[in-house]
Amino acid sequence: MTPLNIVLNILSIGIPFSVSLLLASLGEMFNQRAGIFNLGCEGIMSMGAFLGFICAYYFQNTALAPYVNLLGILAAGVAGALLGLLFALVTVTFHAPQGIAGIGLQMLGIGTAGTLFRHFVGGVTGIPGLPSYPIPLLSKIPFIGPVFFNMNMLAYLAFLLVPLSHYILFKTPWGLKVRAVGTSPRSADTMAINVQRTRYQALAVGGLFAGIAGAYLSLGQAKMFADDIVAGRGFIAVALVYFGGWSPYRILGGSLLFSIAQSLQLSIQVLGINFPYEFAVMFPYVLVIVVLAFTRSAAVKGPAALGQPYDREKRI
Amino acid sequence: MKTSTRVAYVSLVSCVAALAAVGIGAIVLVILGADVVQTYKVILTEPLKDLFGITEVLVRAVPLILVALGIAISFRAGILNIGAEGQIQMGIVSATAVALALPNVPKAILVPLVLLSGAAGGALWASIAGYLRAKLGVNEILSTVMLNYIAVQIYGYLLRGPMIDPAELQTGSGTPQSMRLPRSAWIDRIIPGTRLHWGIVLAVVLAILVYIFLWRTTSGFKLRAAGASAKAARYAGINVESSLLFAMVLAGAFAGLAGAVEVTAVHRRAIEGISSGYGFSGIVVALFGGLHPGGIIPAAAFFGVLLVGTDMTQRILSIPANMVSVLQGAVILSIISAKMLINDPYAMEKFERRFLHFKGQPVGQRAEDEESRKNEAKR
């Protein structure tokens with residue numbers, strides 16, 4: 001293998017890896033910009049992965065067969081948004097502490113997905129999953145064509161969502177509202193922005209993204225479902241939001257960096273450099289801790305009201 | 001506010017919260033096509049039907065109490081330790097290593113030594129997250145979750161590699177498990193034929209000690225003060241950072257101890273999946289017990305019932321045991337919501353207005369009416 005081939009190989013594995021992280025962290029970015037720290041992302045992704053899988057699994061031999069993937073993604077997105085709203089009920093309406101609420105939602109999501117999977121499917125079962133869709137002409141470009149332009153539709157959509165999220169967050173009235181309620185909810189309230197409603201909306205959007213991110217894992221990446229399919233990606237996504245400084249382009253950079261580092265470690269193994277595979281699996285998690293340690297010291301400023309419930313009645 | 005109103009409000013909120021938790025579980029059960037009432041009945045009553053079931057519940061309660069005590073300390077100090085799962089595994093590893101290294105030491109010395117080394121293993125693992133939070137401001141939830149995933153891998157690596165039972169290699173079956181611990185490291189069983197062991201006494205004694213520590217000593221007070229309001233504590237000259245680190249180390253020690261007890265009293269060798277989610281269940285138990293040792297013991301017994309009960313539903317009704325995680329998640333969400341509502345004076349005021357309005361007229365209104373009636377009579 002020439003060095004160029006190795007690099008291209010790493011990229012062609014790493015870039016599709018980044019999609020689920022990217023989708024989930026973009027969603028989490030909306031949550032956190034609105035001031036809510038949603039650690040339940042992991043649970044929402046788990047439900048999304050299960051729903052994506054189960055739609056493809058159940059309807060693959062029916063008349064719906066051509067649309068199963070779309071159906072799965074839709075189901076995952078809707079369920080994700082609903083779980084986001086449940087989280088909003090607990091943290092926005094009831095002002096519950098967000099960290100613990102997130103852990104609760106994580107258990108609920110993983111538990112429900114696991115229970116339903118065991119009951120309706122049982123063992124490991126493969127599904128056809130999302131087909132890759134080479135973009136005409138572009139995919140024919142030597143070297144970079146097969147790496148960048150030979151992915152499935154959901155992956156392209158995810159990358160398109162980066163500029164779109166940037167536009168929504170910084171150029172639309174709704175984006176301004178989201179940032180306002182996340183920075184100073186009281187001022188936003190004074191300016192007649194409905195803090196609760198905006199936070200509900202942001203959490204629904206975040207849940208939608210996380211659900212689809214989960215569906216990508218089962219439909220696009222693994223093409224199967226397992227209890228631990230998400231394997232901490234929801235938490236990594238939260239960390240990537242910190243790392244990406246709450247901005248879509250930097251989050252894209254972060255998730256690419258992260259997944260390429262992960263595929264680099266896989267390639268090292270393929271190349272025959274021998275070390276216990278447990279350490280390879282461990283690598284991304286260690287990376288998160290290291291990244292978090294350095295991000296915090298770089299004095300990145302997050303949304304000022306992140307993690308603080310807003311209670312209109314409360315005196316300051 | 002009248003006491004009766006308050007009692008009515010608190011009990012109403014608690015009932016609604018309990019119903020919500022049960023309801024979320026019921027939704028999942030309905031999707032499964034199971035008989036909801038029957039399932040709940042099996043979960044809650046089946047484990048208590050015979051001696052074996054009851055002892056199994058108590059066996060589950062021991063690690064739950066220990067882990068929850070640690071989590072209560074850390075939550076009280078304002079640091080959310082989600083990493084008990086990893087700390088348990090580190091505790092198991094160090095306890096097993098010490099027990100296997102010193103097989104000839106008499107029991108009276110070896111058992112405490114093994115338990116202490118388990119606690120030390122957990123404490124060391126937790127101190128990573130505590131240090132990162134105290135010195136670098138790293139969010140402890142994220143770091144402890146990541147440390148859980150890392151610990152699973154280290155544990156698996158050790159059991160498949162350096163710590164594997166040589167017999168497994170000889171027979172070639174290669175089951176990832178350590179050698180059986182020497183008898184001198186065992187914690188004995190209380191009732192022969194069951195798995196109930198003396199660890200339960202240890203857990204209860206430690207619960208009392210934690211109560212004394214948190215509410216009857218200066219350092220416990222400082223810890224709670226730092227957790228209640230870091231800013232105020234800092235003004236009072238409390239070193240909040242070292243208090244966070246200290247709380248985290250204590251929490252890790254309790255989780256590690258839970259692992260050590262589990263390995264020396266129940267399994268007697270390190271095997272895969274030994275922690276079986278106690279780290280996460282411990283969080284639920286701690287919250288359910290109101291972050292107080294006096295509440296944690298009954299809460300642990302209750303969740304012990306749930307754990308054994310969902311195992312039984314798997315066997316009797318073939319409903320997957322993952323159901324316990326659904327219930328635990330639902331319980332966490334309901335508890336924290338209910339707690340906030342109960343402590344929210346404005347919500348209670350709103351409730352009072354509606355409640356009294358429902359019964360008749362609002363309080364102020366009634367007084368006015370009486371006045372006008374009197375005036376009417378005078379005229």
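**Chat notes on the model**

Modeller: A:Val78 lies in helix 3 (residues 68-93) of chain A, where helices (H or I, at least four residues) and strands (E, at least two) are DSSP runs numbered from the N terminus. This is a predicted model: local features need pLDDT of at least 70, side-chain atom pairs count only at pLDDT 80 or more, and totals for chains, interfaces and linings use all residues. Residues are numbered from 1 along each chain as its sequence is written, while chains are lettered from A and ligands numbered from 1 in the order in which they are written.

Biologist: Why does A:Val78 count as partly exposed?

Modeller: Because A:Val78 has 15 C-beta neighbours inside 10 Å. A residue is buried if 20 or more other C-beta atoms lie within 10 Å of its own, exposed if 12 or fewer, and partly exposed in between, with C-beta atoms placed from the backbone.

Biologist: And what separation do the C-alpha atoms of A:Val78 and A:Gly48 have?

Modeller: 8.9 Å, with the two residues 30 apart along the chain.

Biologist: Switching to the interface. How many residues of chain A are in contact with chain B?

Modeller: 39 of chain A, with 39 of chain B; contact is C-beta atoms, placed from the backbone, within 7 Å.

Biologist: Which helices of chain A supply at least two residues each?

Modeller: Helix 4 (98-120), helix 10 (233-243) and helix 12 (277-297) of chain A. Helix 4 of chain A gives the largest share, 16 residues. By class, the side of chain A that touches chain B has 25 nonpolar, 10 polar and 4 charged residues. Here Ala, Val, Leu, Ile, Met, Phe, Trp, Tyr, Cys and Pro count as nonpolar, Asp, Glu, Lys and Arg as charged, and the others, Gly among them, as polar.

Biologist: Now chain B. How is it divided?

Modeller: Into domain 1 (1-34 + 320-353) and domain 2 (46-318), with bounds from an automatic or database domain assignment. The centres of the two domains of chain B, taken over C-alpha atoms, are 28 Å apart. 11 residues of domain 1 of chain B are in contact with 11 of domain 2 of chain B. On the domain 1 side there are 10 nonpolar, 1 polar and no charged residues.

Biologist: How many helices and strands does chain B have?

Modeller: 16 helices and 0 strands. Of the 379 residues of chain B, 50% count as buried.

Biologist: What is B:Ile65 in contact with, leaving aside neighbours within four places in sequence?

Modeller: B:Ala203, B:Ala207, B:Ile296, B:Ile297 and B:Ala300.

Biologist: Last topic, confidence. What is the mean pLDDT of chain B?

Modeller: 90, and 93% of the residues of chain B reach 70 or more; pLDDT is the predictor's confidence in each residue, from 0 to 100. For the complex, the predictor gives an ipTM of 0.91 and a pTM of 0.90.

Methods:
Two residues are in contact if their C-beta atoms, placed from the backbone, lie within 7 Å.
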